[in-house]
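This briefing is for a reader new to the structure. It takes the topics one at a time.

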2 protein chains.
Amino acid sequence: MKDVNGQILKILHEHNLKVTPQRKGILNYLMTHHNHPTVEMIRSNIVKDMSNLGTATVYNTLNTLVELGLVIEIQNGDGSTHYDYFAHPHFHMICTNCGKIDDVSFDGYMGEEKLLRENAEKETGYLTSKSHLEIYGICPNCQKKLRLNLINK
Amino acid sequence: MKDVNGQILKILHEHNLKVTPQRKGILNYLMTHHNHPTVEMIRSNIVKDMSNLGTATVYNTLNTLVELGLVIEIQNGDGSTHYDYFAHPHFHMICTNCGKIDDVSFDGYMGEEKLLRENAEKETGYLTSKSHLEIYGICPNCQKKLRLNLINK
DNA sequence: ATTTAAACGATAATCATTTTTAATTGGTTA
DNA sequence: TAACCAATTAAAAATGATTATCGTTTAAAT
């Protein structure tokens, strides 16, 4: 098990961010949950422990973390932005039926990602830093449900 | 050169969509422009030719086209959604400095995309249909500007 | 030509996100 | 330790994008 609190302090210090209960709470939530929360999910969860936490603060903190590359934004089509602590390179599978977002990585993904970026740089002259890949489909659970629906007709 | 109007009629008929001037206008705009317009860009451009066009109609039409897989949505971080007629598989380079979105494809990209999807299916049990790849970086133009800024300090 | 379901568009409503503003606080320095 | 100050916070208001409503219009099937 890891010293999450120590990591959080290190992250904040490394980036010259003041250590506040709000930031610690938000980072802790992101690092210890592997869901893909919205702003409201984060806020309502933290409010339970902390006396109060403003919506704008959650937005500010998340935007800062996104700029630092520690957190990324994901859209699953429900209208609000979801966030993901991006410790390890991975991509997202998004179920077009239920909106679920899964993190996926496999051996060699980092290599493939790097190759794509290099090809793209050659092609366009961009200086690239990161990429987001989203693959859309039907999750196993929904496949089951959809099959049942067919039968029940 | 291609018979865009014929293509549009074919698309609408194939999907049992009524042929209306609004839909023809919106599809025509998307197919003949290679920018990545927002709803407002599309609307204001078409209003010049057509007596009128409601915002809701643009949204409705675009949502329909997205569901059909003919058009995709892209977020570049400026708050509004950009649209792209997705005739041929490609990915997007997004400049983190100016927000520009470039379409890119290179020989072999389709193969790499297919491979990624197959790996992902094996790993997760999803049944996949498509993917979106976004690569972030600094475009050549902004690289120049940023270099100049450095010198002028 | 008539009919009908689909599509349209003006407006209002909603929802996510940002800005504003004023008060508070972390962390540095004396 | 005290005091300061810039950074941070949070409530409320503002903004901007998107969706819902609903009366009117229109495409296209009969």
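How many residues surround DNA strand D, and which are the closest? The model is predicted, and in it 23 residues surround DNA strand D. The closest are Thr20(A), Gly54(A), Thr57(A), Ala56(B) and Thr81(B).

**Surface near DNA strand D**

- Chain A contributes helix H2 (21–32) and helix H4 (55–67), and chain B contributes helix H4 (55–67); each of these helices supplies at least two residues of the surface near DNA strand D.
- By residue class, this surface has 13 polar, seven nonpolar and three charged residues.

**Strand pair in chain B**

- Strand S1 (residues 71–75) of chain B pairs with strand S2 (residues 81–85) of chain B in the antiparallel sense, over five bridges.
- Thr81(B), one of the closest residues to DNA strand D, is the bridge partner of Gln75(B).
- S1(B) and S2(B) form a hairpin, with five residues between them.
- In the turn of this hairpin, Gly77(B) has a positive phi of about 95°.

- Most residues other than glycine have a negative phi.
- Asn16(A) is not a glycine, yet its phi is positive, at about 55°.
- Asn16(A) lies in the loop between helix H1 (4–14) and H2 of chain A.
- Asn16(A) counts as exposed because it has 6 C-beta neighbours inside 10 Å, and the cut-off for exposed is 12 or fewer.
- Asn16(B) also has a positive phi of about 55° without being a glycine.
- Asn16(B) is placed in the loop between helix H1 (4–14) and helix H2 (21–32) of chain B.
- With 6 other C-beta atoms within 10 Å, Asn16(B) is exposed.

Methods: Residues numbered from 1 in each chain as written. Chains lettered and ligands numbered in written order. Predicted model: local features only at pLDDT ≥ 70, side-chain atom pairs only at ≥ 80, totals over all residues. Near = placed C-beta within 6 Å. Helix = DSSP H or I, 4+ residues; strand = E, 2+ residues; numbered from the N terminus. Nonpolar A, V, L, I, M, F, W, Y, C, P; charged D, E, K, R; others polar. Pairing = 2+ DSSP bridges. Buried ≥ 20, exposed ≤ 12 C-beta atoms within 10 Å, placed from the backbone.
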